Amino acid sequence: MQKIADKQPIYIRGCGFNSALGCSNDIIHQRLRQGMSPDMQPVQGWLNDGSDTVIGKVSSPLPTIDDKLFPHQNTDNNRLVLSALQQIEPDIHAAITQYGHDRIAVIVGTTTSGISDGEHALTTKKNTQNFPTDYHYHQQEPSNTGQFIADYYQLTGPCYTLSTACSSSGRVFLSAKRMLKAGVVDAVIVGGADTLCRLTLNGFHGLDSLSSTLCNPFSDNRNGINIGEGAAFMLLARTPDERQPAPHIALLGIGDSSDAHHISAPHPEGTGAETAMRKALKDAKLTPEDIGYINAHGTATPLNDAMEAKAIARVFGNQVPVSSTKPLTGHTLGAASAVEAAICWHLLRYDLPLPTQINDGAVADDLPIQLAPADTVFTKPVMLSNSFAFGGNNISLIFGRTDD
């Protein structure tokens, strides 16, 4: 079992991504540059009280899954997952050839997982007292997606699912790093996925957290979130992909915290968020001055944006460009960390301008940070991405280019 040195980064050998921002590189990059996504859609009829809201919906056709080969795994969530994984299949197969099926782990983050399939089962059956005969509760279990990935690629290494609300697919990076550092495996497929479902939307609506229009992060008029669906997956390894020339993209540092301030509200001063960011910097052996961009959790709720801005200001001052990309994807819940990590990967890999902060321009006095203006080119190829969840479950990830 080969361990890796503490200072050695974890290399990202591939990244697959599908959300309202798009599925192909061309579309993702175009929408990032334009600062808009037509797949952020106003909808009616999703909320029980008849209210309107906006959702981030995947528009690309999803791949099919053979029921005979993968019984009880042909779910909306797994088809969405496969749409992201197929983008990095050459990297996965190369890792299997290099390391073997038993030396690759699968770690997935999700919240609602396959609940939408249960909703379909109820709404499509005339007699709603019974589920259709082809529906099985196993399809709704959070572990279903991780096991599907392992089955699909015939992987026999460790396989499990994390569910810590909106930080779920960020914590998978922490688990993967520990596994790789300990030498338990040689590569890990990490990521997250959550499909749209009415249960989630109505739950957030019951908390008065949904916006009826496109979300407005870090604006004085911010009033709530948009829910989206998405899947993003990366292949992590101890060493870079020799097929690709430097610079390589790497996971440089991770910080986590659990302040447990409240079951759903964040700590008003952002103490847990600050702890996570400082731990990530320490883990990466970097200073605040080394960070070139912060992809904020930025849900566009009054409490979240205020506390996150305070925490960022205490750690970084107002010298680092900050933006939330949720107006382009919606809040993808358990997939949010992985989705926003994928955005950072695209920015670094393809040298794209920083995402400008999409909002109505109303300056908020309680947000002492520098919001990224349009057409900002980053000069420091190191990025921090935040995800904060119910119960004060916080994660900060740092990504950057390396010359290895």
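Which residues does leucine 236 touch, not counting residues up to four places away in sequence? Leucine 236 touches Ile10, Tyr11, Ile12, Phe173, Ala176, Leu180, Asp186, Ala187, Val188 and Val190, where contact means heavy atoms within 4.5 Å.

Before going on, a note on the model. This is a predicted model, where local features need pLDDT of at least 70 and side-chain atom pairs count only at pLDDT 80 or more, while totals for chains, interfaces and linings use all residues. Residues are numbered from 1 along each chain as its sequence is written, and side-chain values use heavy atoms, with hydrogens and water left out.

Now the core. A nonpolar core is a set of buried Ala, Val, Leu, Ile, Met, Phe, Trp, Tyr and Cys residues joined through side-chain atoms within 4.5 Å. Buried means under 20% relative accessible area, exposed over 50%, and partly exposed in between, with a 1.4 Å probe and protein chains only. The largest nonpolar core has 44 residues, and Phe173, Met234, Leu236 and Phe399 have the most contacts inside it. Helix 11, residues 336–350, gives the largest share of this core, 9 residues. Helices here are DSSP runs of H or I with at least four residues, strands are runs of E with at least two, and both are numbered from the N terminus.

Next, helix 6, residues 168–182, which packs against helix 11 at an angle of about 75 degrees, with the axes 4 Å apart. The axes are lines fitted to C-alpha atoms over the stretch in contact, and angles run from 0 to 180 degrees between N-to-C directions. Helix 6 is therefore roughly perpendicular to helix 11, a term for angles of 65 to 115 degrees. On the helix 6 side, Ser169, Gly170 and Phe173 meet Ala336, Ser337, Ala338 and Ala341 of helix 11.

What about aspartate 186? Aspartate 186 sits in the loop between helix 6 and strand 6, residues 187–194. Aspartate 186 counts as buried because its relative accessible area is 13%. Its side chain makes a polar contact of 2.8 Å with the side chain of arginine 103, and another of 2.4 Å with that of arginine 238. A polar contact is a pair of N or O atoms within 3.5 Å; within protein, one must be able to donate a hydrogen and the other to accept it, and residues adjacent in sequence count only if both atoms are side-chain atoms.

Notes:
Parallel < 35°, antiparallel > 145°, perpendicular 65-115°, else oblique.
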